[in-house]
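Let's take a friendly walk through this structure together. Keep the sequence and the 3D view at hand as you read.

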2 protein chains.
Amino acid sequence: MRSIPKISDAEWEIMKLIWRVNPITSEEIIISLSGKMNWSAQTIKTFINRLLKKGAIGFEKTGRSYIYYPLVSEKDCIRAENKSFLKKVYNGAVGMLFSNFIEEESLSEKEIEKLQDLLAKKKTKILPVKKIER
Amino acid sequence: MRSIPKISDAEWEIMKLIWRVNPITSEEIIISLSGKMNWSAQTIKTFINRLLKKGAIGFEKTGRSYIYYPLVSEKDCIRAENKSFLKKVYNGAVGMLFSNFIEEESLSEKEIEKLQDLLAKKKTKILPVKKIER
DNA sequence: TGGTATAGTTTACAACTGTAAACACAGCTT
DNA sequence: AAGCTGTGTTTACAGTTGTAAACTATACCA
């Protein structure tokens with residue numbers, strides 16, 4: 001249960017890729033991100049190295065090059081990021097966060113329905129139900 | 001329509017206060033935040049100064065001290081922060097953001113109902129309604 | 001087996017951040 | 001009027017970040 005290191009914006013881009021596809025070589029990372037992000041190969045190498053130093057990813061030697069894989073889970077990182085964002089911008093008020101995003105962002109009907117579903121489910125869960133032990 | 005400057009985490013704390021109560025003196029800011037944030041008065045002064053330099057706040061002289069007020073709106077800053085967070089962590093997928101927060105965060109029944117209401121309203125707005133001109 | 005391309009490592013460097021000490025200046029007090 | 005006191009201003013300093021060049025070592029090709 002390694003504590004999650006601080007991951008910078010640029011590093012997040014690398015991590016998202018590694019979480020999606022791993023293990024992965026630096027070459028693949030560079031190919032995949034240099035265009036999208038407009039980063040030079042060297043720049044990407046730096047980010048990979050920093051993530052290594054931070055303990056966010058690990059690697060295994062494979063002949064000439066390494067293959068990298070995540071050491072921290074996406075779930076945990078997202079959770080941490082959510083938390084600090086919520087605190088920083090909304091003082092922890094989830095309700096405000098939601099209403100803001102609902103207002104600002106465009107959602108398809110389908111998405112809205114899915115959210116309504118999620119909320120309904122959530123509601124039943126917090127309903128003061130008489131607990132049945134077994 | 002001043003473009004919003006980049007506001008750091010610590011600076012956000014100052015801004016949130018200034019948005020809530022303004023105009024405000026540095027003394028008030030220091031009193032209000034030094035305890036909560038565990039910052040020395042000097043540290044807070046630095047943040048205030050940086051916000052001035054960034055053009056996020058302005059001031060007016062009042063004898064010995066200044067009174068500060070925001071130059072960028074809370075709404076705009078929150079919007080920008082939302083946007084970059086959504087992009088960085090969720091690749092812009094609002095749906096994912098919502099389901100994550102709904103799962104992770106605890107919401108009161110009342111809050112859930114409010115959200116359901118908001119979603120319902122949002123839905124009617126995107127419903128393909130035959131426009132009635134007048 | 002020697003040379004070379006290439007993957008990884010080190011170094012660079014300015015801007016931004018958190019954290020704060022040192023300094024300067026203008027009113028208020030005596 | 002002179003000094004003190006409390007504001008604002010400058011300077012400091014290490015760590016992080018974005019961006020990348022320079023360097024090094026080694027696996028593979030000829």
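Which domains does the domain assignment of chain A give? The assignment has domain 1 at 9-72 and domain 2 at 75-126. Between the C-alpha centres of these two domains of chain A there are 30 Å. Please bear in mind that this is a predicted model.

**How the two chains relate**

Chain B can be laid on chain A by a rotation of 180° with 0.0 Å of shift along the axis, and the RMSD is then 0.0 Å. This is therefore the relation of a two-fold axis. The two copies use the same surface, as 100% of the contact residues of chain B recur in chain A. If you want to find the axis in your viewer, look for Gln116(B): of the residues of chain B, its C-alpha comes closest to the rotation axis, at 3.1 Å.

**A mostly covered helix**

Helix H5 of chain A spans residues 94-104, and eight of its 11 residues are buried. Which residues of H5(A) are buried? They are Val94(A), Gly95(A), Leu97(A), Phe98(A), Ser99(A), Asn100(A), Phe101(A) and Ile102(A). What do these buried residues pack against? Within chain A the partner is helix H4 (74-90), while chain B contributes helix H4 (74-90), helix H5 (94-104) and helix H6 (109-126).

Asn82(B) gives a view of such contacts from the other chain. This residue is found in helix H4 of chain B. Leaving out residues up to four places away in sequence, Asn82(B) touches Phe85(A), Tyr90(A), Asn100(A) and Phe101(A). Two of these names, Asn100(A) and Phe101(A), are also among the buried residues of H5(A).

**Buried residues and cysteines**

Here are some residues with their relative accessible areas; a residue counts as buried when its value is under 20%.

| Residue | Relative accessible area | Class |
|---|---|---|
| Cys77(A) | 3% | buried |
| Cys77(B) | 3% | buried |
| Asn82(B) | 3% | buried |
| Thr25(B) | 18% | buried |

Is Thr25(B) buried or exposed? Thr25(B) is buried because its relative accessible area is 18%, below the 20% cut-off. Thr25(B) belongs to strand S1 (residues 24-25) of chain B. Apart from neighbours within four places in sequence, its contacts are Tyr66(B), Ile67(B) and Tyr68(B).

As for the cysteines, how many disulfides does a search of the whole structure find? Over all chains, the search finds zero. As a reminder, a disulfide is a covalent bond between the sulfur atoms of two cysteines.

**Open and enclosed space**

The largest pocket holds about 1100 Å³ of space. It is lined by 33 residues, and those closest to its centre are Asp9(A), Glu81(A), Lys88(A), Asp9(B) and Lys88(B). Helix H1 (9-20) and H4 of chain A, along with helix H1 (9-20) and H4 of chain B, each give two or more residues to this lining.

The largest cavity has a volume of about 40 Å³. Which residues line the largest cavity? From chain A they are Phe98(A), Ile102(A), Leu115(A) and Leu119(A), and from chain B they are Phe98(B), Ile102(B), Leu115(B) and Leu119(B). The elements that supply two or more residues to this lining are H5 and helix H6 (109-126) of chain A together with H5 and H6 of chain B.

Definitions and conventions:
Residues are numbered from 1 along each chain as its sequence is written. Chains are lettered from A and ligands numbered from 1 in the order in which they are written. This is a predicted model: local features need pLDDT of at least 70, side-chain atom pairs count only at pLDDT 80 or more; totals for chains, interfaces and linings use all residues. Side-chain values use heavy atoms; hydrogens and water are left out. Domain bounds come from an automatic or database domain assignment. Copies are superposed by least squares on the C-alpha atoms of residues with pLDDT of at least 70 in both. Contact means heavy atoms within 4.5 Å. A disulfide is a pair of cysteine sulfur atoms within 2.5 Å. Buried means under 20% relative accessible area, exposed over 50%, partly exposed in between (1.4 Å probe, protein chains only). Helices (H or I, at least four residues) and strands (E, at least two) are DSSP runs, numbered from the N terminus. On a 1 Å grid over the protein atoms alone, a cavity is a set of points where a 1.4 Å probe fits but cannot get out, and a pocket is an open set with protein on both sides within 12 Å along at least five of seven lines; lining residues have an atom within 4 Å of a point. Grid points are joined across faces, edges and corners, and a volume is the space filled by probe spheres set on the points.
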